[in-house]
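Hi there,

Here is the structure I promised to pass on to you. Please open it beside this email and follow along.

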Amino acid sequence: MTQAKPQVTFTSPMLKAIANPLRRQIFDALGAMGTGRAADLGELLGMAPKKVSFHLRELAKAELIEEAPELARDKRDRVWK
């Protein structure tokens, strides 16, 4: 017997955020990593951490990812999941 997958409803902000090809790349890479920092993702994808950080914040605004403060090294460190 196959198990039914839960149905996901995407909001307009989610669709708008994920429509950007760079954000999709970042989203996929973060999903494969589980958690990551902008610097880690930037190194992996060959992008500047500042650029990755901007797109991570946009994905978070759309509620596609969230911050994992429990994994941060200090108050300035931002880890995403």
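Which residue's side chain meets that of Lys-81 in a salt bridge at 3.7 Å, N to O? The partner is Glu-66. A salt bridge here is a side-chain nitrogen of Lys or Arg within 4 Å of a carboxyl oxygen of Asp or Glu.

Before going further, some background. This is a predicted model, in which local features need pLDDT of at least 70 and side-chain atom pairs count only at pLDDT 80 or more, while totals for chains, interfaces and linings use all residues. Residues are numbered from 1 along each chain as its sequence is written, and side-chain values use heavy atoms, leaving out hydrogens and water. The mean pLDDT (the predictor's confidence in each residue, from 0 to 100) is 92, and 98% of the residues reach 70 or more.

**Salt bridges**

The whole structure has six salt bridges. Lys-81 also forms one with Glu-70, where the closest N and O atoms are 3.6 Å apart. Both residues lie in the segment after H4, and the pair ties together parts that are 11 residues apart in sequence. Glu-70 is exposed, with a relative accessible area of 57%, whereas Lys-81 is partly exposed at 37%. (Buried means under 20% relative accessible area, exposed over 50%, and partly exposed in between, with a 1.4 Å probe and protein chains only.)

Another salt bridge joins Arg-73 and Asp-77, at 3.7 Å between the closest N and O atoms. Arg-73 is exposed at 66%, but Asp-77 is buried at 12%. Together with Arg-37, these two form a network of salt bridges.

**The core**

Now look inside. A nonpolar core is a set of buried Ala, Val, Leu, Ile, Met, Phe, Trp, Tyr and Cys residues joined through side-chain atoms within 4.5 Å. The largest one has 13 residues, and Ile-26, Leu-30, Leu-41, Val-52, Leu-56 and Ile-65 touch the most other members. Helices H2 (21–33), H3 (38–45) and H4 (49–61) each supply at least two residues of this core. Helices are DSSP runs of H or I with at least four residues, numbered from the N terminus.

**Helix H3**

Which residues of H3 are buried? They are Ala-38, Leu-41 and Gly-42.

Enjoy exploring!
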